[in-house]
Amino acid sequence: MKKNITINLCGRLFQIDEDAYEMLQKYIESLRQSFGKQEGGDEIVADIEARIAELFDELHQQGTEAITIEHVKDIISRIGKPEQLAGDDEQQENGTRSKWEQSARSAGEKIYDNVRSRTAGKKLYRNPKDKMLAGVLSGLAAYTDTDPVIWRLVTVLFTLCYGAGLILYIILAIVLPEASTPDQLLQMEGKEVTPQNLADVVVDKEQQPVQQHNLLRNLLSIVLKIAFGFFVFIAIMVCLLFSIMFFVALIATVCAIVLPAQSNIPFSLGAMGLAGVWAENPTMLCIFVAALFLILLIPIYAIIHMMLTLAKKTQPMSTVQRIVWIILWVIAVCTAVPLGFTISDYHQQFMEKRFKAERTNVYQGIEMDIADSDFLRQGGWNLLKAENCAHYTSSGEYYNGNTNVGYLDAWSDDCQEVYQAERKEAIEPGIYRLDCIARTEGPGAYIYAMGDSKLLKQIPVYGNIGGELWQMIQQQKANNQQTTADSLSGNRPAHFHMKIMGLEINIDEEGLDLNDTNRSAVEQGLGWSVVSIDNIVATGDSIAYGVSTDKAFTNQPCRTRWFSVTDFKLTRTGDLPKSAKPVKSATR
C-alpha cells in the first residue's frame, strides 16, 4: 500500500503518491539549477510549475484521484527535460564545460532515471512464479523490469570466473526473502496493494501450471542444495566456535572481576598478564572486552536468526536491521583490532618483566641473569667493574665445541663496556706463570696478574675465526703423521690431546662433529688464542688475576665490542731469589 501526499502547486491542492512526489521534486529542483543563474530564470520555473498544475488539473477532471509516477513521467516527457528547455543559451553559459562532460552527465542522468523508473515502488524478493532454482535471478528481473535470461547469462559468465557467480547466487538465495504472500508478490512487481490486485494474484497463483523440471534444472537444483547445505554446515560450525569463544571470554571476564588482580589463579588478570593494563588503562581494557563480545555475539545472533528463518519460525530481518548489525560489527572489529595490538604489547612487556624477574639475580650489587651469577659465584669471580655490558658470561662457542661450557664474556655494540673480573688464588711464595685462553673482536681487552707488581697482556685480536690456538693445533697435526693421515683420509680422531704453555687442550669427538654454527677450534678456531703472563713474582700468599677493559686500570682505551676469556691456570715456575723476603699478602 502506497502513501499519498497532499501538495500545494500554484495554489491548487493535489493528491500524489510518494514515488511520484519524489520524482516531481527532483524534476523541479533540476529546473531551478538549470535556470536559476539565468536572467528571468525564476519566472521560467514558475511558468513550468503552472503548466504542470494545469496538466494535473486535466488528470483530475478525467477522474484521477491521485497522481502516480506514470503520470509524472508522461508530463516530464511532454514538457521536456531541463537540458532540452535550456537550449543553446545554457550551453553558452556553461562554456567552461566540455561537450564530453555534458554528454557524460546526460547519459548518467538517463541511466539513473531509467533505473529509478524501473525500480520505483518495488521491493526485491525471490520470484517463486518463474524460478529455475531459488528464484533469485527472476526476482532481480522483476525488480529491474528486465528479461531473466540476461541475468542468467551474466551469472553463468561470473561462475566461469572462479565460481564467483555461484557464490553470489548462494548468498542472495540466503539473504533475499521469497515473495510468498500476495502482497509481497504485488510489491515485487511494483503494483498497488488493492483488494482487486490481491484477488488477481490469488487467482493467478491457483491457475499457475506446475513447472516441469528437466534434467539440467534438476542437476542444478541438486548442486545448489549441496552448496546450500555446505554453507549451512559451515555457518553452524562458525556459530558453535563463536559460542565457545564467547563463553570462554565471559568466564574470563567474570573471573577477572571477582579474583584479585595480582593473583595467579587461572583467568585472573595477573595470570593472563593483564594486571598492568588494568592498572594503567582500565578504560581501554573495558572497551576491548565490550567490542570482543559484540564481535562474537552478532554473528551468533545472525546465524541463529537465519536458521529460524529457514525453518519458518520467524520473519526475516529487514534491510535496515541487517545494515545496523553489519555497521555495529564493523565498528566493533575496527575498535578491537588496534586495542588488541596495544593490549598485546602490554602483555608482552609484562611477561618479559616477569621472565626477567624469574631469570635475574643480584650478584655483588649488580642485577644479572641467574646463569651469569651462578658462573661467577662458583668460579669465585669478583666483578670490580661492570658498566654498559649486555651480559657478563656466555656459552656456545667454547674452543673444543662443547656448547654447554661457560666463560667470561662481555659485549657492547658501541665499545663502551667497562668490565673487570678478578679472583684470588692462594699460593706459596715463588715465581709463577698465568695461562688462559681468550679472544676479542678489537684492541683494549687485557689479561692481568697481580703479584708483587701489576702485569698486563693484551688479548690477540682475531675476531671470531682463526686464532693462535687454531694455528698451534694445525701445526701439531702437521707434526703428527698419523693425525695428518687420518685427516687426509677423512677419518677424524675420536680424541685430540695437546699441551700448550701449561694448558691441557682436549678436543673430543663431540667438538669435532659440530656444524658451522657451533664449530670447534679444530675446524675454524673461533678466534681463541693462548695468553700467558710469565715471571709473576709473589712474595705473599696469594695472586690476583683476571680480565679488564677499564682504561683507568689498563691505561689503554677499549675499542672492542666483545671479548671472551676462559681456563685460567696458575703454574709455579721457580723459587724466589734468596734476597727476596716473603710477605703475608701481595701488595697492590
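Reader: Before we start, what should I know about the model and its numbering?
Author: Residues are numbered from 1 along each chain as its sequence is written, and side-chain values use heavy atoms, with hydrogens and water left out. The model is predicted, so local features need pLDDT of at least 70 and side-chain atom pairs count only at pLDDT 80 or more, whereas totals for chains, interfaces and linings use all residues.

Reader: Which residues touch the most other members of the largest nonpolar core?
Author: Tyr-419, Ile-447 and Val-565 do, out of 33 residues. A nonpolar core here is a set of buried Ala, Val, Leu, Ile, Met, Phe, Trp, Tyr and Cys residues joined through side-chain atoms within 4.5 Å, and buried means under 20% relative accessible area with a 1.4 Å probe, protein chains only.

Reader: And what is Ile-447 in contact with, beyond its neighbours within four places in sequence?
Author: Its partners include Leu-434, Leu-455, Val-531, Val-565 and Phe-568, where contact means heavy atoms within 4.5 Å.

Reader: Switching to the open sheet, what is its strand order?
Author: The five strands run β5-β8-β15-β10-β11 with antiparallel pairing; strands are DSSP runs of E, at least two residues, numbered from the N terminus, and two of them pair if DSSP finds at least two bridges between them. β5 (382-387) and β11 (454-458) stand at the edges with a single partner strand each, so one side of each lacks a neighbour in the sheet.

Reader: How many bridges join β5 and β8?
Author: Five, in the antiparallel sense, and Leu-383 has Ala-421 in β8 as its bridge partner.

Reader: Lastly, what does the side chain of Thr-253 reach?
Author: That side chain reaches the backbone oxygen of Ala-249 at 2.7 Å, and, leaving aside neighbours within four places in sequence, Thr-253 is in contact with Val-289 and Phe-293.

Terms used:
Buried means under 20% relative accessible area, exposed over 50%, partly exposed in between (1.4 Å probe, protein chains only). A polar contact is a pair of N or O atoms within 3.5 Å; within protein, one must be able to donate a hydrogen and the other to accept it, and residues adjacent in sequence count only if both atoms are side-chain atoms. Helices (H or I, at least four residues) and strands (E, at least two) are DSSP runs, numbered from the N terminus.
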